[in-house]
Amino acid sequence: MRALTWHGKQDVRVDTVDDPEIINPRDAIIKVTSTAICGSDLHLYDAVIPSLVPGDILGHEFMGEVVETGSASTLQKGQRVVVPFPISCGSCFHCSITQYSCCENSNPVEKQDMSEKLYGYPMAGIFGYSHMTGGYSGGQAEYVRVPFSDVGPIVVPDHLDDDDVLFLSDILPTGWMAAENADIGPDDTVAVWGCGPVGLFAIQSALLMGAAQVIAIDHYPHRLELAKKLGAATINFRTTDVREALMEMSGGIGVDAVIDAVGMEAHGFAIDNMIDIAKQTIGIGADRASALKQAILAVRPGGRVSMPGVYGGMTDKFPLGALMEKGLQLRTGQTHVHRYLKDLLAMIEEGKVDTTFLISHRLGLEDAPTGYKNFKEQQDTWTKVVLKPGMMAGA
Amino acid sequence: MRRENTSRWPYLALAGIGLATIPIAAGMNATRRRRERGNDHDSAPGHTARRSFGDYQVVGRTVTIAKPRAELFAFWRDFSNLATFMANLDKVETVTGDPECSIWHIRGPVGTTYAVETRIAREIQDELIAWRSTEDSEIDTEGRVTFEDAPGDRGTRVGLIIAYKPKGGKIGDTIATLSGRGPEMQARHDLKRLKMLMETGEIATPARTYADYNKEDPR
């Protein structure tokens, strides 16, 4: 089959590789019809996430048709399914309390050591996202082996297009959980840092949850425009003093909840590495760190900090005093995608959530390297790239 | 079903471990047991102590598995099952006419294998199995697995402690550890595989093809 493979820093290629096979009883093989490039894939592209091996297939946002099932899979050939990015067994302690992204059994034993050392506990398995999260082949390919296929994939009705439902795999539930973690009440003003796909879905979700006002913060004009269309007020941090503006826009009270949808992927994971790499990338690093710092300073006393943005390592100059003295609540984590699928699918069907507005480009799988390059370099206009393995190159 | 065979375990009892000989009496909780052993200053398990056990290395690990105690006990007690989740165990042979004896074929570092004749030292149905290598064995080792109900409905706490005299002394042990086959890591990995197998019916693998699977499969 053809698949997007990682070969090194900003070097991804479409290669011919072996087709996946059913290995374990609960596996299924999915023929991919749509797969997206995630913002977090860019951190793999930039090689700031360790434990990638040349030849690894990337991609954790994908959907398609079931073409083969293991003896214990509950799926049937021909079904259209969207697959959640975290791999979850459905029967461990964490899965049983719907903390699916903390599954204890999906990351292969030999792959758990690294995250267990770094975080004290191993991470769950994730498709196409380095060997620290399992080394699973990802979804930017013609076919994918999906473990625990009786737990993760959700069957979608035929009258919905791929573009309507694809984002159930990650960014829609991630935006939704970000808003849920902000514990939004009806009179609340909520500020969202970052108008990428997750930020935009967090804005939609916050409004659906009844926030009185959502304020979106970014510096890309087109992305701010998308936020405005969804119903958010906007702040361009290049031209406006964010804290001052938030204070004024919330009538001097301060915002009730803040959502950091920027994230700061670790620039290297070893402690000694962190300092050096932070020095090397001081411009970007400082900008990004300032988003979370700014959010923590801007939120009102007793407010909530929601952190869907991905962090991998450590940071210094963290405003611990503000967090404690203001009595803030901080909630974060990889998304428990499975928890939200049914409700969000219903909301898509009812037309309450718009997903397709986000897609700026649809490319064939063969054009995936171009998609990566432009998604990274032209962030203002390349808001979301969807790859269609069935589409001709250059179409 | 209770069997005792305590005559042959002097070494580790002296070293403060005595895996096979620690009584697990009903109603006697772990903390009290440890206190009665004497000089411990906290309530942590003995194998986590920062101290030496003489010539023996001691590794221990506990895992909670969302399955009933009896099911897990039965699975473990059929020693032929052990090779399905213990990476360095090639196979376990039963010995005809002696249900307490079995021969464990253990993979050592750098391609070596050892036959270890193992005898059950103590067994309490659904609670504990302890074993020890016989004097003829190539490796001097003993182990104990315990099964306790976890709080609430979280299943069963499975505790594994293994003591062994490193083949080739401390240097051999260091080599094993450096080559990623150290018993501490093995015990941790083995219990995780057991948990996966019992909770999900399979052991997670990133392999995309059978060829990958056979290459990466450590068993």
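Two residues are in contact if their C-beta atoms, placed from the backbone, lie within 7 Å. With that in hand, take Val190(A): leaving out residues up to four places away in sequence, Val190(A) touches Ala182(A), Ile184(A), Ala206(A), Ala211(A), Val214(A), Val255(A), Asp256(A), Ala257(A) and Ile259(A).

A word on the source: this is a predicted model, where local features need pLDDT of at least 70 and side-chain atom pairs count only at pLDDT 80 or more, while totals for chains, interfaces and linings use all residues. Residues are numbered from 1 along each chain as its sequence is written, and chains are lettered from A and ligands numbered from 1 in the order in which they are written.

Val190(A) also turns up in the largest nonpolar core, which has 135 residues. Such a core is a set of buried Ala, Val, Leu, Ile, Met, Phe, Trp, Tyr and Cys residues joined through C-beta atoms within 7 Å; buried means that 20 or more other C-beta atoms lie within 10 Å of a residue's own. Ile30(A), Val190(A), Ala191(A), Val192(A), Ala202(A) and Ile259(A) touch the most other members.

Now for chain B. It has six helices and eight strands, counted as DSSP runs (H or I, at least four residues, for helices; E, at least two, for strands) and numbered from the N terminus. Buried residues make up 30% of its 219 residues.

| Chain | Residues in the contact |
|---|---|
| Chain A | 29 residues |
| Chain B | 21 residues |

On the chain B side, helix 5 (183–200) and helix 6 (210–216) each give two or more residues. Helix 5 of chain B gives the most, with seven residues.

Terms used: Buried ≥ 20, exposed ≤ 12 C-beta atoms within 10 Å, placed from the backbone.
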